[in-house]
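Student: Could we go through this structure with a few questions and answers?

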Amino acid sequence: MTYDTSNTANTGNTSRTMDRAQDQARQAVDNARSNVQDTVDNLRQKAQETFGQGGFDLKQQLQERPWVVIGALAAAGYFLSKVSSSSGNGQSYQGYQGQQPWQSYQGQQPWQGQQAYSAAMEQAKHYESSQHEGMASKIGRRMFANMSSLEELFREKLQDMYDAEHQILKALPMMIEAATSHELKQAFDMHLRQTQGQIQRLDQVFYRIGMQPTGKTCTAIRGILAEGKEVMGMRADPEVKDAAMIGSAQHVEHHEIAAYGTLRTWARQLGQHDVAQMLQQILNEEEQTDRHLSQIAERSINRQAMHS
(Lines give C-alpha, C1' and ligand atoms only; values in the text may rest on other atoms or scores of the structure.)
Protein backbone atom coordinates (compact mmCIF):
# COMPACT_ATOMS: atom_id res chain seq x y z
CA MET A 1 0.00 0.00 0.00
CA THR A 2 1.32 3.45 -0.94
CA TYR A 3 1.15 6.26 1.63
CA ASP A 4 0.40 9.71 0.20
CA THR A 5 2.70 12.14 2.02
CA SER A 6 1.22 15.13 0.17
CA ASN A 7 -1.98 14.91 2.23
CA THR A 8 0.04 14.98 5.44
CA ALA A 9 1.95 18.03 4.27
CA ASN A 10 -1.23 19.80 3.23
CA THR A 11 -2.84 19.02 6.56
CA GLY A 12 0.14 20.42 8.42
CA ASN A 13 0.14 23.59 6.33
CA THR A 14 -3.60 24.06 6.91
CA SER A 15 -3.15 23.61 10.66
CA ARG A 16 -0.34 26.17 10.78
CA THR A 17 -2.41 28.60 8.70
CA MET A 18 -5.36 28.26 11.06
CA ASP A 19 -3.07 28.79 14.07
CA ARG A 20 -1.66 31.97 12.52
CA ALA A 21 -5.18 33.22 11.74
CA GLN A 22 -6.26 32.58 15.32
CA ASP A 23 -3.17 34.37 16.65
CA GLN A 24 -3.88 37.34 14.40
CA ALA A 25 -7.50 37.45 15.51
CA ARG A 26 -6.51 37.36 19.19
CA GLN A 27 -3.96 40.10 18.57
CA ALA A 28 -6.59 42.25 16.83
CA VAL A 29 -8.98 41.78 19.75
CA ASP A 30 -6.27 42.68 22.25
CA ASN A 31 -5.35 45.79 20.27
CA ALA A 32 -8.99 46.87 20.02
CA ARG A 33 -9.49 46.34 23.74
CA SER A 34 -6.36 48.32 24.49
CA ASN A 35 -7.49 51.20 22.24
CA VAL A 36 -10.91 51.31 23.87
CA GLN A 37 -9.36 51.32 27.33
CA ASP A 38 -6.98 54.13 26.34
CA THR A 39 -9.93 56.17 25.03
CA VAL A 40 -11.91 55.60 28.21
CA ASP A 41 -8.92 56.58 30.36
CA ASN A 42 -8.41 59.76 28.34
CA LEU A 43 -12.06 60.72 28.64
CA ARG A 44 -12.05 60.03 32.36
CA GLN A 45 -8.94 62.15 32.83
CA LYS A 46 -10.39 65.04 30.86
CA ALA A 47 -13.62 64.85 32.83
CA GLN A 48 -11.72 64.93 36.10
CA GLU A 49 -9.66 67.88 34.92
CA THR A 50 -12.82 69.73 33.89
CA PHE A 51 -15.16 68.95 36.75
CA GLY A 52 -13.01 67.51 39.51
CA GLN A 53 -11.18 70.61 40.67
CA GLY A 54 -13.96 72.81 41.87
CA GLY A 55 -17.14 71.09 40.80
CA PHE A 56 -19.43 72.22 38.05
CA ASP A 57 -22.06 74.76 38.98
CA LEU A 58 -24.70 74.47 36.23
CA LYS A 59 -26.65 77.48 37.51
CA GLN A 60 -23.55 79.67 37.49
CA GLN A 61 -22.54 78.49 34.03
CA LEU A 62 -26.01 79.22 32.70
CA GLN A 63 -25.82 82.75 34.06
CA GLU A 64 -22.32 83.41 32.71
CA ARG A 65 -22.44 81.51 29.40
CA PRO A 66 -26.03 80.50 28.71
CA TRP A 67 -25.76 79.84 24.97
CA VAL A 68 -22.60 77.75 25.36
CA VAL A 69 -24.21 75.56 28.01
CA ILE A 70 -27.48 75.19 26.09
CA GLY A 71 -25.57 74.29 22.94
CA ALA A 72 -23.56 71.66 24.82
CA LEU A 73 -26.71 70.15 26.30
CA ALA A 74 -28.38 70.10 22.89
CA ALA A 75 -25.36 68.37 21.36
CA ALA A 76 -25.38 65.80 24.16
CA GLY A 77 -29.07 65.15 23.61
CA TYR A 78 -28.53 64.75 19.87
CA PHE A 79 -25.68 62.31 20.49
CA LEU A 80 -27.77 60.23 22.90
CA SER A 81 -30.69 60.14 20.44
CA LYS A 82 -28.35 58.88 17.73
CA VAL A 83 -27.00 56.18 20.03
CA SER A 84 -30.54 55.16 20.95
CA SER A 85 -31.66 54.99 17.32
CA SER A 86 -28.58 53.01 16.38
CA SER A 87 -29.30 50.44 19.06
CA GLY A 88 -32.72 49.93 17.48
CA ASN A 89 -31.30 49.58 13.94
CA GLY A 90 -32.89 52.91 13.09
CA GLN A 91 -36.43 51.57 13.24
CA SER A 92 -38.93 53.45 15.35
CA TYR A 93 -41.25 50.48 15.15
CA GLN A 94 -38.55 47.96 15.99
CA GLY A 95 -40.51 46.44 18.86
CA TYR A 96 -43.44 46.00 16.55
CA GLN A 97 -41.53 44.48 13.68
CA GLY A 98 -39.23 42.31 15.73
CA GLN A 99 -41.89 40.66 17.84
CA GLN A 100 -44.76 40.76 15.32
CA PRO A 101 -47.40 40.30 18.04
CA TRP A 102 -50.10 39.40 15.53
CA GLN A 103 -48.09 36.50 14.10
CA SER A 104 -49.80 33.79 16.18
CA TYR A 105 -53.19 35.22 15.23
CA GLN A 106 -52.34 35.02 11.55
CA GLY A 107 -51.35 31.41 11.87
CA GLN A 108 -54.72 30.55 13.34
CA GLN A 109 -56.94 32.59 11.02
CA PRO A 110 -56.91 31.40 7.38
CA TRP A 111 -58.48 34.55 5.94
CA GLN A 112 -55.50 36.65 6.97
CA GLY A 113 -52.27 37.23 5.11
CA GLN A 114 -48.92 38.76 6.04
CA GLN A 115 -49.14 41.24 3.17
CA ALA A 116 -51.86 43.35 4.79
CA TYR A 117 -49.91 43.74 8.02
CA SER A 118 -46.62 44.38 6.24
CA ALA A 119 -48.27 47.12 4.21
CA ALA A 120 -49.80 48.65 7.34
CA MET A 121 -46.49 48.69 9.19
CA GLU A 122 -44.62 50.07 6.19
CA GLN A 123 -47.20 52.85 5.90
CA ALA A 124 -46.93 53.71 9.59
CA LYS A 125 -43.13 53.56 9.51
CA HIS A 126 -42.92 55.86 6.48
CA TYR A 127 -45.22 58.35 8.16
CA GLU A 128 -43.21 58.40 11.39
CA SER A 129 -40.00 58.91 9.43
CA SER A 130 -41.48 61.91 7.63
CA GLN A 131 -42.67 63.33 10.94
CA HIS A 132 -39.17 63.14 12.45
CA GLU A 133 -37.76 64.95 9.41
CA GLY A 134 -40.17 67.84 10.00
CA MET A 135 -39.81 67.95 13.77
CA ALA A 136 -37.82 71.20 13.82
CA SER A 137 -40.59 73.09 12.05
CA LYS A 138 -43.10 71.87 14.63
CA ILE A 139 -41.38 73.76 17.46
CA GLY A 140 -42.85 77.04 16.29
CA ARG A 141 -46.17 75.57 15.20
CA ARG A 142 -49.25 77.71 15.76
CA MET A 143 -51.89 76.39 18.11
CA PHE A 144 -55.64 76.38 17.58
CA ALA A 145 -56.02 79.51 19.72
CA ASN A 146 -54.01 81.52 17.18
CA MET A 147 -56.08 80.60 14.13
CA SER A 148 -57.25 83.67 12.24
CA SER A 149 -59.62 81.97 9.78
CA LEU A 150 -61.82 78.92 9.38
CA GLU A 151 -59.57 77.69 6.57
CA GLU A 152 -56.53 77.68 8.85
CA LEU A 153 -58.54 75.92 11.53
CA PHE A 154 -59.63 73.31 8.99
CA ARG A 155 -56.05 72.67 7.90
CA GLU A 156 -54.82 72.29 11.47
CA LYS A 157 -57.60 69.84 12.34
CA LEU A 158 -56.91 67.88 9.17
CA GLN A 159 -53.27 67.45 10.21
CA ASP A 160 -54.44 66.42 13.66
CA MET A 161 -56.58 63.61 12.24
CA TYR A 162 -53.88 62.54 9.80
CA ASP A 163 -51.63 61.84 12.78
CA ALA A 164 -54.51 60.17 14.65
CA GLU A 165 -55.07 57.68 11.82
CA HIS A 166 -51.41 56.71 11.79
CA GLN A 167 -51.44 56.20 15.56
CA ILE A 168 -54.50 53.96 15.19
CA LEU A 169 -52.84 52.06 12.33
CA LYS A 170 -49.92 51.33 14.61
CA ALA A 171 -52.12 50.12 17.49
CA LEU A 172 -54.55 47.87 15.61
CA PRO A 173 -52.26 44.82 15.16
CA MET A 174 -51.77 44.68 18.94
CA MET A 175 -55.54 44.93 19.42
CA ILE A 176 -56.04 42.02 17.04
CA GLU A 177 -53.53 39.95 18.96
CA ALA A 178 -54.98 40.81 22.37
CA ALA A 179 -58.59 39.98 21.44
CA THR A 180 -59.75 36.41 22.10
CA SER A 181 -63.11 36.50 20.30
CA HIS A 182 -62.85 35.32 16.70
CA GLU A 183 -65.51 37.83 15.68
CA LEU A 184 -63.77 40.71 17.45
CA LYS A 185 -60.48 39.89 15.74
CA GLN A 186 -62.28 40.10 12.40
CA ALA A 187 -63.79 43.47 13.34
CA PHE A 188 -60.40 44.90 14.31
CA ASP A 189 -58.88 43.55 11.10
CA MET A 190 -61.61 45.24 9.07
CA HIS A 191 -60.86 48.48 10.91
CA LEU A 192 -57.16 48.13 10.08
CA ARG A 193 -57.95 47.85 6.38
CA GLN A 194 -60.37 50.77 6.59
CA THR A 195 -57.71 52.88 8.31
CA GLN A 196 -55.27 52.23 5.48
CA GLY A 197 -57.88 53.38 2.98
CA GLN A 198 -58.77 56.42 5.07
CA ILE A 199 -55.15 57.55 5.15
CA GLN A 200 -55.04 57.32 1.37
CA ARG A 201 -58.26 59.34 1.18
CA LEU A 202 -56.78 61.98 3.49
CA ASP A 203 -53.75 62.16 1.18
CA GLN A 204 -56.15 63.09 -1.61
CA VAL A 205 -57.80 65.71 0.60
CA PHE A 206 -54.43 67.35 1.26
CA TYR A 207 -53.63 67.50 -2.44
CA ARG A 208 -57.05 68.95 -3.22
CA ILE A 209 -56.43 71.88 -0.87
CA GLY A 210 -52.81 72.36 -2.01
CA MET A 211 -51.02 70.93 1.04
CA GLN A 212 -48.43 68.23 1.50
CA PRO A 213 -49.78 65.38 3.67
CA THR A 214 -48.32 66.04 7.10
CA GLY A 215 -49.45 65.28 10.62
CA LYS A 216 -49.75 67.30 13.78
CA THR A 217 -49.52 65.26 16.98
CA CYS A 218 -53.02 64.30 18.10
CA THR A 219 -52.77 64.27 21.88
CA ALA A 220 -56.40 63.18 22.27
CA ILE A 221 -55.93 59.91 20.37
CA ARG A 222 -52.60 59.37 22.06
CA GLY A 223 -54.31 59.45 25.45
CA ILE A 224 -57.20 57.22 24.32
CA LEU A 225 -54.79 54.65 22.89
CA ALA A 226 -52.68 54.75 26.06
CA GLU A 227 -55.79 53.79 28.04
CA GLY A 228 -56.52 51.07 25.50
CA LYS A 229 -53.02 49.68 25.96
CA GLU A 230 -53.68 49.37 29.68
CA VAL A 231 -56.87 47.46 28.89
CA MET A 232 -54.98 45.09 26.61
CA GLY A 233 -52.58 44.33 29.45
CA MET A 234 -55.22 43.80 32.12
CA ARG A 235 -55.57 40.47 33.91
CA ALA A 236 -59.13 39.33 33.52
CA ASP A 237 -61.28 36.61 32.02
CA PRO A 238 -61.05 36.64 28.20
CA GLU A 239 -64.70 37.68 27.81
CA VAL A 240 -64.32 40.56 30.27
CA LYS A 241 -61.15 41.71 28.54
CA ASP A 242 -62.83 41.59 25.13
CA ALA A 243 -65.74 43.65 26.46
CA ALA A 244 -63.29 46.24 27.82
CA MET A 245 -61.43 46.34 24.51
CA ILE A 246 -64.66 47.02 22.63
CA GLY A 247 -65.28 49.96 24.96
CA SER A 248 -61.78 51.31 24.27
CA ALA A 249 -62.18 50.83 20.51
CA GLN A 250 -65.50 52.67 20.54
CA HIS A 251 -63.87 55.49 22.48
CA VAL A 252 -61.54 55.87 19.50
CA GLU A 253 -64.44 55.65 17.05
CA HIS A 254 -66.48 58.31 18.84
CA HIS A 255 -63.55 60.72 18.75
CA GLU A 256 -63.13 60.11 15.02
CA ILE A 257 -66.86 60.49 14.34
CA ALA A 258 -66.91 63.87 16.08
CA ALA A 259 -63.73 65.04 14.35
CA TYR A 260 -64.71 63.99 10.82
CA GLY A 261 -68.20 65.38 11.25
CA THR A 262 -66.66 68.73 12.13
CA LEU A 263 -64.17 68.61 9.25
CA ARG A 264 -66.93 67.74 6.76
CA THR A 265 -69.05 70.69 7.92
CA TRP A 266 -66.12 73.11 7.71
CA ALA A 267 -65.27 71.84 4.21
CA ARG A 268 -68.82 72.52 3.04
CA GLN A 269 -68.76 76.03 4.49
CA LEU A 270 -65.43 76.68 2.74
CA GLY A 271 -66.92 75.60 -0.59
CA GLN A 272 -64.76 72.45 -0.77
CA HIS A 273 -67.64 70.15 -1.68
CA ASP A 274 -65.50 67.38 -3.23
CA VAL A 275 -63.35 67.38 -0.07
CA ALA A 276 -66.49 67.30 2.07
CA GLN A 277 -67.67 64.24 0.14
CA MET A 278 -64.42 62.37 0.82
CA LEU A 279 -64.62 63.25 4.50
CA GLN A 280 -68.23 62.07 4.55
CA GLN A 281 -67.08 58.68 3.22
CA ILE A 282 -64.59 58.38 6.09
CA LEU A 283 -67.29 59.43 8.55
CA ASN A 284 -69.64 56.76 7.19
CA GLU A 285 -66.99 54.09 7.70
CA GLU A 286 -66.32 55.20 11.28
CA GLU A 287 -70.03 55.09 12.09
CA GLN A 288 -70.30 51.66 10.49
CA THR A 289 -67.40 50.34 12.58
CA ASP A 290 -68.95 51.77 15.76
CA ARG A 291 -72.28 50.06 15.02
CA HIS A 292 -70.54 46.79 14.24
CA LEU A 293 -68.67 46.84 17.56
CA SER A 294 -71.94 47.55 19.41
CA GLN A 295 -73.58 44.57 17.70
CA ILE A 296 -70.73 42.24 18.66
CA ALA A 297 -70.83 43.44 22.27
CA GLU A 298 -74.60 43.17 22.65
CA ARG A 299 -74.98 39.92 20.74
CA SER A 300 -72.36 37.85 22.53
CA ILE A 301 -69.37 39.33 24.36
CA ASN A 302 -71.18 41.37 27.03
CA ARG A 303 -73.42 38.42 27.87
CA GLN A 304 -70.44 36.11 28.14
CA ALA A 305 -68.65 38.63 30.35
CA MET A 306 -71.64 38.70 32.72
CA HIS A 307 -71.41 34.94 33.33
CA SER A 308 -67.61 34.64 33.42
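Student: What share of the contacts in the protein with a separation of 6 or more comes from residues 24 or more positions apart?
Tutor: This is a predicted model, in which local features need pLDDT of at least 70 and side-chain atom pairs count only at pLDDT 80 or more, while totals for chains, interfaces and linings use all residues. Residues are numbered from 1 along each chain as its sequence is written, and side-chain values use heavy atoms, with hydrogens and water left out. Contact means heavy atoms within 4.5 Å. Among contacts with a separation of 6 or more, the share from residues 24 or more positions apart is 77%.

Student: How many helices and strands are there in the protein?
Tutor: Helices (H or I, at least four residues) and strands (E, at least two) are DSSP runs, numbered from the N terminus. Along the sequence the pattern reads α-α-α-α-α-α-α-α-α-α-α-α. The count is 12 helices and zero strands.

Student: At which residue does helix 8 bend?
Tutor: The bend at a residue is the angle between axes fitted to the seven residues ending there and the seven starting there. For helix 8 this angle is about 30°, and proline 173 follows within four residues of the bend. The residue is alanine 171.

Student: Is aspartate 160 buried or exposed?
Tutor: Aspartate 160 is found in helix 8. Beyond its neighbours within four places in sequence, aspartate 160 is in contact with Lys216, Thr217 and Cys218. Its relative accessibility is 6%, so aspartate 160 counts as buried.

Student: Is glutamate 230 buried or exposed?
Tutor: Glutamate 230 lies in helix 10. Its relative accessible area is 61%, so glutamate 230 is exposed.

Student: At what angle do helix 10 and helix 11 pack?
Tutor: Axes are lines fitted to C-alpha atoms, for helices over the stretch in contact, and angles run from 0 to 180 degrees between N-to-C directions. The axes of helix 10 (residues 219-232) and helix 11 (residues 238-269) are 9 Å apart. The angle between helix 10 and helix 11 is about 175°.

Methods: Buried < 20%, exposed > 50% of the residue type's maximum accessible area, 1.4 Å probe, protein only.
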